[in-house]
Amino acid sequence: MKRLRGLWPFVLIALAVLVWNYPVYAISGSIESASDGKLRVLRSNGSVWAGQMQLGLTDGARVYAIPEALTWRLKLGGSTGWLAIEARHPKFVQPLHLGFNGAGITVGGGELRMPAAWLGATGAPFNTIRPEGLLQLSWLDWASGEDLNVTLKWLDAQSALASIRPLGEYVITVTGNPDTRIDMTLSTNKGPLMLEGSGQWTNGQRFVFNGYASAQERSKDALTGLLSQMGRLEGDRYRLGVF
């Protein structure tokens, strides 16, 4: 028994080495499951502690590779908690910082910029609308138990179904506490295509969203084809689906 008791430091070291070198490909399935199959890991190398992977988007039939790889590095200890992750990709304006401690998770504020055309790779309705322009996703510092504040902007918005270019600028804001309730609003900054809506998610209930699309009077004829793909006609507006 004493001999076995003396082996426990070596067992801990062996476990630490195993975890440290845990191959990143082993978590690929978890990433795809969490994204409902929309995000795929195409290539990866390294371990969960330091490595890189190339991701792809899929509509179920085809997979579209996202240019350049996502890289990350994990650190033990530090100001962010017991475990810290730094992730980098050219589409991040600055590295993404995640922290894990006894109180939960922390996320450093940041910004992601990507072509709106990437949405077409996720399937309906975007593969029909074929959006163009720039998507700008930004978020403030967040920690478990706190309210989050996330903004998504569609800048220089365009669509292959509309001859009017640009269509405008649009903003989605998401606020609230993930443990209780999250609110989402959709608004139009400018443009002949007008989008508006609001939605709520309450813990234990399904997400509810009511949104509408319409066009300025002088642009109705030119935007009818696009509007008909965005939702069903109700009066002089089109009710948006939940995308």
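Which strand is Trp201 found in? I looked, and Trp201 belongs to β14, residues 193-202. Strands here are DSSP E runs of at least two residues, helices are H or I runs of at least four, and both are numbered from the N terminus.

**Ground rules**

I am working with a predicted model, in which local features need pLDDT of at least 70 and side-chain atom pairs count only at pLDDT 80 or more, while totals for chains, interfaces and linings use all residues. Residues are numbered from 1 along each chain as its sequence is written, and side-chain values use heavy atoms, with hydrogens and water left out.

**Confidence**

I checked pLDDT, the predictor's confidence in each residue from 0 to 100. The chain average is 87, and 87% of the residues score at least 70. Over residues 2-7 the pLDDT is below 50, and beyond near neighbours in sequence that stretch has 0 contacts in the model (contact means heavy atoms within 4.5 Å). Where pLDDT is low, predicted coordinates should not be read in detail.

**Trp201**

I found Trp201 partly exposed, with a relative accessible area of 25%; buried means under 20%, exposed over 50%, and partly exposed in between, using a 1.4 Å probe and protein chains only. Leaving aside neighbours within four places in sequence, Trp201 is in contact with residues including Pro178, Ile182 and Phe207. A polar atom of the Trp201 side chain lies 3.1 Å from the backbone oxygen of Gln205. For such polar contacts I use N or O pairs within 3.5 Å; within protein, one atom must be able to donate a hydrogen and the other to accept it, and residues adjacent in sequence count only if both atoms are side-chain atoms.

**Aromatic pairs**

I found 2 aromatic pairs in the structure. The rule takes rings of Phe, Tyr and Trp (its six-membered ring) with centres within 6.5 Å; planes under 30 degrees apart are stacked, over 60 edge-to-face, and the rest tilted. Trp154 and Tyr170 have ring centres 5.7 Å apart and planes at 45°, so this pair is tilted. Trp154 sits in β11 (residues 148-159) and Tyr170 in β12 (residues 168-177), so the pair ties together parts 16 residues apart in sequence. Both Trp154 and Tyr170 are buried. Phe207 and Phe209 make a stacked pair, 6.3 Å centre to centre with 20° between the planes. Phe207 is partly exposed at 29% relative accessibility, whereas Phe209 is buried at 13%.

What lies over the face of Tyr212? I see Arg237 there, 3.7 Å from the ring centre; the test wants NZ of Lys or CZ of Arg within 6 Å of the centre and within 35 degrees of the ring normal. Strands β15 (residues 208-215) and β17 (residues 237-240) run antiparallel, joined by 2 bridges, and pairing needs at least two DSSP bridges. Tyr212 has Arg239 as its bridge partner in β17. I also followed β16 (residues 231-234), which pairs with β17 in the antiparallel sense over 4 bridges. β16 and β17 form a hairpin with 2 residues between them, and Gly235 in the turn has a positive phi of about 70°.

Beyond neighbours within four places in sequence, its contacts include Leu193, Asp236 and Arg237.

**Thr122**

My last stop was Thr122, in the loop between β8 (110-115) and α4 (126-129). Thr122 is buried at 15% relative accessibility, and its side chain reaches the backbone oxygen of Leu119 at 2.6 Å.
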